[in-house]
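This report concerns aromatic rings and the charged groups placed over them. Please examine the sequence and the structure shown below before reading on.

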Amino acid sequence: MFHRLRHILLFLPGALFLAVSLAFGPAAFPVAAQDKAAAGAQGIDPAALEKLVATIEDEQARKRFLAQLKALIAARKAAEPAGEASAPAEPALMERLAGRARTLTGSLQDLAAAVADLPRAWNWLRSRLAGEAERAALIGGVWKTALALLLGLLAEWLMRLLLRGPRRRVEDREGETLAVRAVGLAIRTLLDLLPVAALAAAAYAVLPQLAPEATTARVALTLIFGFVLVRAVLAAGRAALAPRVGSLRLLPLSDGTAAYLYVWLRRLTGTVVYGAVLLEALAAFDLPGSAHAALLHLLGLVVAAMLIVLILQNRRPVAGRLRGEADTEDNGATPVRGLRRTLGRLGDLWHVVAIVYVLAGLFVWLLDVEGGFAFMARATVLSAVILLIALAAVAGLGRLLGRLFRIEDALLEKNPGLQQRANRYLAAVRRTVSGAILVVALLAILDVWGFGIAELLQTPAGRAFARTVLVVLVVTVGAFILWEFIETAAARYLSRLDEAGEDSRALRMRTLLPMVEKALLVAIVVIAAMIVLSEIGLDIGPLLAGAGVLGLAVGFGAQTLVKDVITGIFIIVEDSMAIGDFVTVAGRSGVVEDLSVRSVTLRGYSGSKHTIPFSSIDDVENLTKDYSYAVLDYGVGYGENVDAVIAVIRETGEALRADPDWRDHIVEELEVAGLQELGDSAVVIRSRFKCRPGFQWGVRREMNRRIKAAFDARGIEIPFPHVTLYFGEGKEGDALPLPARMVEDAVRTDLAEAGPAEGEA
């Protein structure tokens, strides 16, 4: 069946063309068209024509042919919606944009033509003043209209004069409550409207008495209506702003602001109303339509320029109000403050939005877009609703985030410092959420104004973009959550060690954990960055290959650095030393001030600072690990009783351990090892105290002081280094005499040869 339909589709265009040409060609087409059809028919196969004629002449064949045509039409209609549904959205969107561009171009051309017709107004005015009859009619219309207006203005002035007293009494009253001020303002507004009513009544009553022509009457009525409308609008403005009577003002405005707004209201009202009235009057005198349109467009340009000037003049004050500069008393975290903070971010751009809005209205006015102002009104209302919903959502989510980031006291006890970390992220999360809400609101407003954002997001590119943004957001938030979990776990582990009293282990972990956290942070950042780059469409394969080659080069060039890091990790893990220990490494001694990822910093007794790489450390001598010994070696003379000396040492050690100032530093009783050494000039007795880490030097100094006093009190000799001269023995066993004479003779000889000293007689 489908094969048959395909042949029918191939045959149908030619058949229809031939049937129409043969049936209606001579009657419907001109001679030139008949010539072209005949020239085209020369290339047609006669056999096909004969077959078509036979089909039409045969009743059964014609019915089958018509049935096939109807089936083909139904199949085409059924296939069209599916084809339209399967078509991508981008061409439709581009077509619509192209159509709007063509419409805009045509409208601009029409506007240019209207502006080009502006000089025709001057030609019309000259033509109206060319003849005597035209000038007389114009002069008669002018003086009649002017007389009616003057009498109306006179009636208005008299009414104002009559109402001056009641008006002044109303204005001079001080209204304390809002109700009193509202009543006074209503009475004052009524007194303002009565002169306007007198103007309208007098002018409209006088005008028929002057018997003006139809055109003059139309113009006069238009002018009177314009004057009445301007005064009514200004009366309403004085009711709302009360520029000269602050005691009756209901709005929270200063006198200067109220006067400023009233001046601009008067300018705009006069320009719009009097301009429109003047153009209507000119149209009554047969002003050409093109010139009237040009003047009307010129009036729109003037009003738009005035509005833009008004916006620019109030750029900074309005921005200040939006930023909340005028109200700084509200320092609490309230929804009003949240709204003000959000509006403050938009404060620097409000004038741009307002100017664009004015230009859009001018655009609709100039191009006379059908339904343009209705569209602008609808879009304005929807934009205001969207903006209010967004601001309310920002304020509500600000309070919700404040509650979510508030940590309970029970949880703070288990996780110290958690509130500080939560507050660190609160501002960033609030800004991010507020920004996301405002971006969504902006996209919704753009869609309301006809930019097709919703359609764009339904395209494959839009869906891919939304997916990319979502994945990047999830990866970023997940990385932050993982890092905070690591920091919280580390802080909780250290807190648990402090509570358990494991000071040494806690100190070791405080040394090791920062290095581990930095390594994990680098890993998290690198992995998250790789995922984000891959998601936004960048090929990270070359980046990974380059990083691998760079890591290999760094590994070969930084072997010592790697050795430093690995050795340092093992030293810290094995607890060979920690911050605060007194150690001797690489020939240097001092207190450990810092343990980095590759070196240890020592502070010597003299204040010198030593930075030693871990790769240079072969041996670690830790003098303050767990406990220490104060080793005490005392030498006495060979003539002393060793047991008596040991008893004195024990007695002195017991007295030291019983001293309240030292007993907390000494862990165990004095341990006397006994006779340690028979020296050249002394007998050395060794003992030691087991002390708390780092107190062995103070205990030894105090013990030495007390031993010196005890030995002196008991007459125990503390030998000091000296030299003994031995001259041997004689044959009889007696000591040989000292040859002092030889020395004496030699001294005398030297003195005799030297002579008198310098300065002696």
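Is Trp 697 buried, partly exposed or exposed? Trp 697 counts as partly exposed, at 25% relative accessibility; buried means under 20% relative accessible area, exposed over 50%, and partly exposed in between (1.4 Å probe, protein chains only).

The model is predicted, so that local features need pLDDT of at least 70 and side-chain atom pairs count only at pLDDT 80 or more, while totals for chains, interfaces and linings use all residues. Residues are numbered from 1 along each chain as its sequence is written, and side-chain values use heavy atoms, without hydrogens and water.

**Aromatic pairs**

Rings of Phe, Tyr and Trp (its six-membered ring) pair if their centres lie within 6.5 Å; planes under 30 degrees apart count as stacked, over 60 as edge-to-face and the rest as tilted. The count by this rule is three aromatic pairs, including the edge-to-face pair of Phe 582 and Trp 697, with 5.2 Å between centres and 65° between planes. This pair links distant parts of the chain, 115 residues apart: Phe 582 belongs to strand S1 (residues 582-585) and Trp 697 to helix H25 (residues 696-714). Helices (H or I, at least four residues) and strands (E, at least two) are DSSP runs, numbered from the N terminus. Phe 582 is partly exposed, with a relative accessible area of 21%.

Tyr 627 and Tyr 629 also form an edge-to-face pair, at 5.7 Å centre to centre and 90° between the planes.

| Residue | Relative accessibility |
|---|---|
| Tyr 627 | 41%, partly exposed |
| Tyr 629 | 29%, partly exposed |

**A charge over a ring**

The charged end of Arg 688 sits over the ring of Tyr 629, 3.8 Å from its centre. A charge sits over a ring if NZ of Lys or CZ of Arg is within 6 Å of the ring centre and within 35 degrees of the ring normal.
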